Amino acid sequence: MKLLTQEEAQNVDLELFNDYKFSVDQLMEVAGLSVAVAVGKSYKAGNVLVCCGPGNNGGDGLVAARHLSLFGFRPTIYYPKRPNKPLFNNLVTQCQKMELEFLDGVELCTSAQMEAKYDLVVDALFGFSFKGSPRPPFDEALKILKESKVPICSIDVPSGWNVEHGDPNGIQPDMLISLTAPKLCAKHFHGRIHFLGGRFVPNALQNKYQMDLPLYPGTDCVMDITKLSKM
C-alpha cells in the first residue's frame, strides 16, 4: 500500500473535484461518516470532544460529530475559527439542529478538565494541506491535547505534523484514520489503531497513483489496516 506525498494527496483531491466532478461536501460527508464508523468500531460510546479547524479537515470533523451522535456518542464541538462560507455554515446548522454542544470562545479547556469530562478526542484541526507552525488559538489547543491523557483519534494527519515527516514532539494519537490513502507521515504513527476510510476513489485514479489499496471487506466504508501498516 503506497503512502502519498503531500503533493500527491493534493493532486488526487484536485482530480476528484475537477475531472471526476465530485463536490467538496459530497466527499466530506463520506469522509466524516467513515471517521464516525471507525471510531464506533474502536471505542465504547461516551463523551467525545471533536476539535475542528477552519479547513476541510474541520468539516470532516463536523460531519463525524453528527454521525457519532446518531451512534450513541455524546459529542461536544470545539470550533474556534469558523469560515463564513455556506458549506461550513450548513454543517454547523446541522449540528445545532441535532442539539450538539459547541464550546464558547476560542480557548480550549485545560488538560485536567479534558480528562475529567471526555473519554475521547477527535482531532480534526489540520489536514494534509497544513504547512508551517500552528497559529493561535490552535497552537495552545495542540499543547493541551499533547498534555492530556485522553486518547486522541486523528483524521487523516495528526494535527501539527509535517505531512511527510511527522513530528516526534507533537501529539501522539491513539488512533489514525487515513482518508483516501495513507500519507507519508503514517509511517511515524505508533498508536494502537489505524483505519483506512473514504471508500470513493475510482479504480482509474487508484491505478494512476499506484495506491495499491487493500480490498475493503463487504460493503464496509472503513478497514482496519493496523497490521498492514506495521509490516
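Lysine 143 pairs with glutamate 140 in a salt bridge, with 3.4 Å between the closest N and O atoms; the term covers a side-chain nitrogen of Lys or Arg within 4 Å of a carboxyl oxygen of Asp or Glu. Both residues sit in helix α6 (residues 138-147), 3 residues apart, or about one turn of the helix. Helices here are DSSP runs of H or I with at least four residues, strands are runs of E with at least two, and both are numbered from the N terminus.

A quick word on the ground rules: this is a predicted model, where local features need pLDDT of at least 70 and side-chain atom pairs count only at pLDDT 80 or more, while totals for chains, interfaces and linings use all residues. Residues are numbered from 1 along each chain as its sequence is written, and side-chain values use heavy atoms, leaving out hydrogens and water.

**Salt bridges**

By the rule above, the count comes to 6 salt bridges. Lysine 208 and glutamate 15 make one of them, at 2.8 Å from N to O. Lysine 208 belongs to helix α7 (residues 203-208) and glutamate 15 to helix α1 (residues 6-18), so this pair ties together parts 193 residues apart in sequence. Another joins lysine 183 to aspartate 156, with the closest N and O atoms 2.7 Å apart. This pair also links distant parts of the chain: lysine 183 is in the loop between β6 (175-179) and β7 (193-197), and aspartate 156 is in the loop between β5 (152-155) and β6, 27 residues apart.

How covered are these residues? The table gives relative accessibility, where buried means under 20%, exposed over 50%, and partly exposed in between (1.4 Å probe, protein chains only).

| Residue | Relative accessibility | Class |
|---|---|---|
| Lysine 143 | 47% | partly exposed |
| Glutamate 140 | 43% | partly exposed |
| Lysine 208 | 52% | exposed |
| Glutamate 15 | 13% | buried |
| Lysine 183 | 2% | buried |
| Aspartate 156 | 4% | buried |

**Helices**

Helix α3 (residues 56-70) has 15 residues and reaches 22 Å from first C-alpha to last, close to an expected 21 Å. It's mostly covered, with 12 of its 15 residues buried, among them Asp60, Arg66 and His67. Just after α3, glycine 72 takes a positive phi of about 100°.

Then there's helix α2 (residues 24-42), whose axis comes within 11 Å of that of helix α4 (residues 86-97), crossing at roughly 35°. The axes are lines fitted to C-alpha atoms over the stretch in contact, with angles running from 0 to 180 degrees between N-to-C directions. Val24, Asp25 and Met28 of α2 make the contact with Leu87, Phe88 and Leu91 of α4.

**Around cysteine 221**

Cysteine 221 is placed in the loop between α7 and β8 (222-224). Its C-alpha is 8.3 Å from that of leucine 33, though the two are 188 residues apart along the chain. Leaving aside neighbours within four places in sequence, cysteine 221 is in contact with Ser34, Val37, Leu196, Gly197, Gly198, Arg199 and Tyr216.

Notes:
Contact = heavy atoms within 4.5 Å. Expected span 1.5 Å × (residues − 1).
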